[in-house]
Amino acid sequence: MWLEVESHKFDRPMSVIIYQCLIIPNYLDGKTDIKVVEENVEMLKKIFDVYEDRLSKFKYLAGDFISLADLSHFPTAYYLMDTPHASLLDEYPHVKVWITDILARPTTKKVAEMMKATA
C-alpha cells in the first residue's frame, strides 16, 4: 500500500521540487519557478500529514520494521535535503526522524556516495 501512496502522492511533488530547485538552476542554467515549487510544497505537506500520522504510531511505514516501502523513498528524500525546502521536515518531527534514519543507514550512505559520483 505504501508503495502506491509513494507512487501516486509522494513522488510527483517531490520530483517537481527537485527538478525546479536542483536540476533547472544547476544543470539547465534556468530559473526556478517559485509558483510551481510552492504549489508542490503544498501537495507535499498534505502527504507529509498522512506520513506523520502513520509514523507517530510506527517506526516505519509498514510497521516497526524497515521495508521496501521505506527504502524506496530514499532517492527523493536524499535530494530534498539539498533543496531550500529541507527545513519543511521541521514541521513533521516523525517524518524527519524517519528520513534521518533511512539516510543514516550504511547501505543508503553507500548509494548516496554513488549518486554523488554520477551527478
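Is K57 exposed or buried? K57 is exposed, with a relative accessible area of 53%, where exposed denotes over 50% relative accessible area, buried under 20%, and partly exposed the range in between (1.4 Å probe, protein chains only). The structure is a predicted model, in which local features need pLDDT of at least 70 and side-chain atom pairs count only at pLDDT 80 or more, while totals for chains, interfaces and linings use all residues. Residues are numbered from 1 along each chain as its sequence is written, and side-chain values use heavy atoms, with hydrogens and water left out.

The side chain of K57 meets that of D53 in a salt bridge (3.0 Å, N to O); the term denotes a side-chain nitrogen of Lys or Arg within 4 Å of a carboxyl oxygen of Asp or Glu. D53 is partly exposed, at 43% relative accessible area. The whole structure contains 5 salt bridges. Among them, K35 pairs with E39 (3.9 Å, N to O). Both residues lie in helix α2, 4 residues apart, about one turn of the helix; helices are DSSP runs (H or I, at least four residues), numbered from the N terminus. K35 is exposed at 57% relative accessibility, whereas E39 is partly exposed at 42%. Another salt bridge joins D90 and K96 (2.5 Å, N to O), and K96 is partly exposed at 36%.

The largest nonpolar core has 29 residues, of which F10, L44, I47, F48, Y51, V95 and W98 touch the most other members. Such a core is a set of buried Ala, Val, Leu, Ile, Met, Phe, Trp, Tyr and Cys residues joined through side-chain atoms within 4.5 Å. Two or more residues each are given by α1 (2-27), α2 (34-55), α4 (74-80), α5 (93-104) and α6 (106-118). Helix α2 provides the largest share, 7 residues.

Aromatic pairs number 7, counted for rings of Phe, Tyr and Trp (its six-membered ring) with centres within 6.5 Å; planes under 30 degrees apart are stacked, over 60 edge-to-face and the rest tilted. Y51 and W98 form an edge-to-face pair, 5.7 Å centre to centre with 70° between the planes. This pair links distant parts of the chain, with Y51 in helix α2 and W98 in helix α5, 47 residues apart. Both Y51 and W98 are buried. They belong to one aromatic cluster together with W2, F10, F48 and Y92. Beyond its neighbours within four places in sequence, W98 is in contact (heavy atoms within 4.5 Å) with Y51, L55, K59, Y60, L61, D70 and H73.
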